[in-house]
Every structure is written in C-alpha cells, then in structure tokens.
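The entries below keep to the order in which I looked.

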Amino acid sequence: MSLSYSVPTSLEYFASLVRSDEHFPLLEAAASLAQDEYPEFDVQQLLGDMDQLLARIQRRLPADAPALQRLRTLNQFFFADLGFGGNINNYYDPENSYLNAVLRTRRGIPISLAVLWMELAQGLGLHARGIAFPGHFMVKVLLPKGQVVLDPISGQSLSREELAERLEPYKRRNGLVDDYDVPLGLYLQAATPRDIIARMLRNLKEVHRTQQDWQRLIAVLDRLIVLLPEAWGERRDRGLAHAERGNTPDAVADLEAYLAHAEDGLDIDLIADRLSALRRAGGD
C-alpha cells in the first residue's frame, strides 16, 4: 500500500501554530507571515539563526549574571553590535513586517524588532513582554527593583513622564482627557502573543489597503480570520476586498457572515446595500 502525504499550505501551517493560546509560538507564528510573500522561505532556518544569535550573547555572560547585566548586554549586542533599528526612510514598506527581511537588513518597525528582541531576552532568562502601546509598540522587562519600559527601535528606557508625553496626542484625539482619562498603567499591560500577531497583520492590512493591493490584502485577512474567527469586521473587509477583485461569490459569503453576526455595526445598512448590488451583479 502506498502512502501519500500532502504538504500543508502556508495558511494551514499558520492555523496549526495559532490554534491554541497555550504554548503559543510567537516567533514562529510571526516569522510565518512572510510566507505569503516568500513561499520558499524556511521558517525553521530563521529559528535556527535566532538560536545562533542567542548562543553568541550567552557566551558574553557568566552563568550567574544578574538580570540588569543581561539586559544591558542584550541591548549592546542587538542595537549597537548588530545595528538593529527602525526603517525610518521607508516606514510603510511591508518588508518591515517580514522577520526574514528584518533579520537580513537589520531594519524594521517597532513590533517586528520587538518580537526578535523578546525572543533573545527570554532566551537569556529575562521576564520580557510586549506592550500594545498606542501608535508605537513597546517592550517591558521585570527586574528585581522594578519594571523597565523600552523602545524597541533603539533600546532606550522610557520614564513615566516620557511615556505620558508620547501618549498625550492619542488621548486627545480620542477624547480621553479630564473625566475620561485613564491611568498610564492601563496602557502598559502585557500584550498576549495572539494580540501581537493580530497587530502585525493589521499593520500589513493597512499597508495593502492603502496601496489597493487587493490580492495581498485578502491573504492578510485570511490569516486574521484564522487568528480571530469572531472578528467579524475582518470578514467584512475581506468581503469588500473580494468585491474589488471581482470574486463575487466569496464577497457575498463574507458580507453575509458579517451581517449575520455584527448586529450593532454602524455600517450595516451600507453593507446590506453593497451585498444586494453584488447579488444582482452575480445573478443571485
């Protein structure tokens, strides 16, 4: 009897990684996002490359190095020696979200740099977590004498005053002032790995939507819907992208799903009209 094995698609592979929140493989899931653009990209090779970087740092440290020494050594290695930093000249390049490209060029956006940095930090035994800070992803490390919040673009440690200053424009835009203000600490909560991957995907989503690259946008939304099955707004956006591509049956299915679940959506009437037009166009 002959056995045949089918190789999983990149989306199926991604789905297997994000199925459960228990032991969620953040680095592997984040790295796999590049497979839509680089189908031949070997995620395991990147994981091996990161293991080699970790081994290089570990050789610089005594086994009993205190946490603060480990943090300083990591920042010297990551930002100074390897030269990781922000891609200031081309911030909205989708390559900034692909970890294989970030590892090669040493340039990225805060969240992609943070994922690589946190992998090394955790390998050194540091209690490092991501922070879904508005407008600029941050990382924090719990040390024996308190918490340190760092900018993953530069490794700079930020005081409470500096964080509050960075937060001020966001709070004013959203009316979170005076009676509606909330403590800074609420903005410094640790992001879950699922939240981090969702933010990475939404960054790519915005880039592709701005460029009206519907095919790439649909691929990103496929992953978002696998990651967050009940995020009905993503289903709506995929339906609209399918409509732009002329994929009428797929558009109809997604918009029907959105209308069936998003009972309080402010755009229900608009989406219902769009769905009716698509049905007419498709002869449904």
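I kept in mind throughout that the model is predicted. I looked up the strand order and found an open sheet of 3 strands, E3-E4-E5, with antiparallel pairing. Strand E3 (127-131) and strand E5 (146-150) are the edge strands, and because each has a single partner strand, one side of each is left without a neighbour in the sheet. From one strand to the next the twist averages 25 degrees. Between E3 and strand E4 (residues 138-143), which run antiparallel, I found 5 bridges, and I noted that Gly 130 stands opposite Val 139 in E4. I then asked which helix packs on the sheet. Helix H4 (residues 67-81) does so, touching E4 and E5, and its direction makes about 150 degrees with that of E4.

**Entry on Pro 169.** I looked for this proline and found Pro 169 in helix H7 (residues 160-173).

**Entry on helix H8.** I compared the span of helix H8 (residues 193-210) with its expected value: its 18 residues reach 26 Å from the first C-alpha to the last, close to the 26 Å expected at 1.5 Å a residue. The buried residues of H8 include Ile 196, Ile 197, Met 200, Leu 201 and Leu 204, and I noted that Arg 194, Lys 205 and His 208 are also among them. What do the buried residues of H8 pack against? Their partners are helix H1 (10-17), helix H2 (26-32), helix H5 (99-105), helix H6 (110-123), helix H9 (214-227) and helix H10 (232-245). After H8 comes Gln 212, for which I read a positive phi, near 55 degrees.

**Entry on the cores.** The largest nonpolar core has 70 residues, and those with the most contacts inside it are Leu 46, Leu 74, Leu 99, Leu 116, Trp 117 and Ile 197. H6 gives the largest share of this core, 9 residues. Leaving aside neighbours within four places in sequence, I found Leu 99 in contact with Leu 27, Ala 30, Ala 31, Leu 46, Ser 112, Val 115, Leu 116 and Met 200.

Terms used: Residues numbered from 1 in each chain as written. Predicted model: local features only at pLDDT ≥ 70, side-chain atom pairs only at ≥ 80, totals over all residues. Heavy atoms only, no water. Pairing = 2+ DSSP bridges. Helix = DSSP H or I, 4+ residues; strand = E, 2+ residues; numbered from the N terminus. Axes fitted to C-alpha atoms, helices over the stretch in contact; angles between N-to-C directions. Contact = heavy atoms within 4.5 Å. Expected span 1.5 Å × (residues − 1). Buried < 20%, exposed > 50% of the residue type's maximum accessible area, 1.4 Å probe, protein only. Core = buried A, V, L, I, M, F, W, Y, C linked by side-chain atoms within 4.5 Å.
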